[in-house]
Amino acid sequence: MFTTLLIFVSIVVLFYKYVTYRQSYWKRKGIKGPKPTFLAGNLFNSFLQKEAFADDVDRIYKQYKDRQGVIGIYQLLKPTLMVTDSQIVKHVLVENFKNFHMNGFEKLLNEKSDPLLAYNPFFRSGDAWKDKRSEVTPAFSPARIKAMYPLIESVCEKMKEYIEKAANSGQALEGKDLSSRYTCDVVTKCIFSADAMSFENENNEIRKQAANIFGSSFFSIIFFTMMEICPALFKTLRIGFVPKATEAFFRDLMRQAIDHRQKSNVNSQDYLDFLLQMQKKKGLSDLEVAASGITFFLDGLETSAVGISYILYELASNKEVQDKLREELKSAENLDYDTLVNLPYLDQVFHESLRMHPPAGFLNRVCTEPIELDIGKEKKFFVEKGTTLLLPIHSIHYDDANYDEPEKFKPDRFNDGAIKDYRDNGKWLTFGDGPRTCLGQRFAKAQSKACIATILLNFEISVNEKTMTPLRLDPKDFLGSALGGIWLNFKKINN
């Protein structure tokens, strides 16, 4: 009995010493940061979904940002270096990209258990990332997006009819739901050459299956945490993030789309046409083609829907901005693709809303080659290989050292091409920066702007009383949707 007790106490003591040693990493390195909770680290509120991740991070950011350019924190036992200086952010993403070319998610998925996601450039590294990114990049060229623009316009017409019915009956619409219906129809037309019928069918199967890919936030947290702790076990058991039924659904959908396109012999310039050309040129398997389609699907669906919903909210909350933007849209002689993407005030509204509401509130980077970083005040810090860096986009966008009155919606801050200066100085990071910048940002801008233009030219927008203001981030939503939703009123404009 005594021996058993002694062994148990020894194990407990050793475990305690192991945890405290792991959680003293930054103290030993001389990097300041908040004291971690034993075992739980510094971001446990977001892990338990009591608080949004961006808010959890922002509290630490505000407390320590002026002390040095970096903060030492712990995600459970993992030491993580939070970067607070925008110049260091620029070094990590651009100038020293070769030292930080991994985002930390690459090792979490593999081609056997999660083929649809594993082929996505976001989850690749090294030469595999370079090959896949160069393979997919031509699909997002301005010429190809312009060729797909008529498909976007056709969805805009369906959306207009859907909103008009709600407006006539005095029914408020939830912004994220409206936006996701729109983006689902757009990307389904462009990828699968099919009509998702999101505005006609409440139980849309494509939207339902897409929700299974994104999954619940809590499941995502548990999955990626366990993958981080014991990746070998997950790979051995081949536990996948995407349900097999969902994987089969999209593979079948892609196969049907390809069969229909080949039989109909239609020469279209959509994304499906690009995939078929790429398959023929490079001898890709059906699985690789389906995975490339899902890459586009994911890039164009959920993040754009979140972004559009916030743009609508800001326009509904700021009538002067809404009226000014509507006048710009009306003054355009021909609101085609080339005109739309170059309207200056629409561009300002787009960038300011995404500054305040970035769908992804942070970026991760992993050090792949040791490097000494200049962290300010003539101080340098040696970053070891394997160190994870957290780039807090949301906090940087709300830092008054980067933006005057950051809590206010002020599109004019981006006039005269000022967005370039903010991006060049690591202060506007919605799409990331450097070689791993978001592949689908051109397409996201095109479909978002087309949606906003259609709505403003036909409806006046106001915030419905069901919207919880001021807005708060939903702690259960990984992409930063608003808690309780964004409810909007639409009033038909008689043109």
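Is Cys156 buried or exposed, and what is its relative accessible area? Cys156 is buried, at a relative accessible area of 4%. Buried means under 20% relative accessible area, exposed over 50%, and partly exposed in between, with a 1.4 Å probe and protein chains only.

The model is predicted: local features need pLDDT of at least 70, side-chain atom pairs count only at pLDDT 80 or more, and totals for chains, interfaces and linings use all residues. Residues are numbered from 1 along each chain as its sequence is written, and side-chain values use heavy atoms, with hydrogens and water left out.

View 1. The structure holds 0 disulfides; a disulfide is a pair of cysteine sulfur atoms within 2.5 Å. For Cys156, the closest cysteine sulfur is that of Cys451, 6.3 Å away and too far for a bond. Cys190 is buried as well, at 0% relative accessibility. Its closest cysteine sulfur belongs to Cys156, at 11 Å, again too far for a bond.

View 2. In the order 1-2-7-4, 4 strands form an open sheet with mixed pairing. Strands (E, at least two residues) and helices (H or I, at least four) are DSSP runs, numbered from the N terminus. Two strands pair if DSSP finds at least two bridges between them. Strand 1 (70-75) and strand 4 (363-366) stand at the edges; each has a single partner strand, so one side of each lacks a neighbour in the sheet. From one strand to the next, the twist averages 30°. Axes are lines fitted to C-alpha atoms, for helices over the stretch in contact, and angles run from 0 to 180 degrees between N-to-C directions.

**View 3. Strand 4 beside strand 7.** Strand 4 and strand 7 (residues 388-391) are antiparallel and share 4 bridges. Arg365 stands opposite Leu389 in strand 7. Leu363 and Arg365 point one way from strand 4, Asn364 and Val366 the other way, and all are buried. In a regular strand the side chains alternate between the two faces of the sheet.

**View 4. Helices on the sheet.** Helix 4 (residues 53-64) packs on the sheet and touches strand 1, strand 2 (78-83) and strand 7. Contact means heavy atoms within 4.5 Å. The direction of helix 4 makes about 140° with that of strand 1. Helix 5 (residues 86-95) also packs on the sheet, touching strand 1, strand 2, strand 4 and strand 7. Its direction makes about 125° with that of strand 7.

**View 5. Asp416 in a loop.** Asp416 lies in the loop between helix 20 (393-397) and helix 21 (418-424). It is exposed, with a relative accessible area of 78%.
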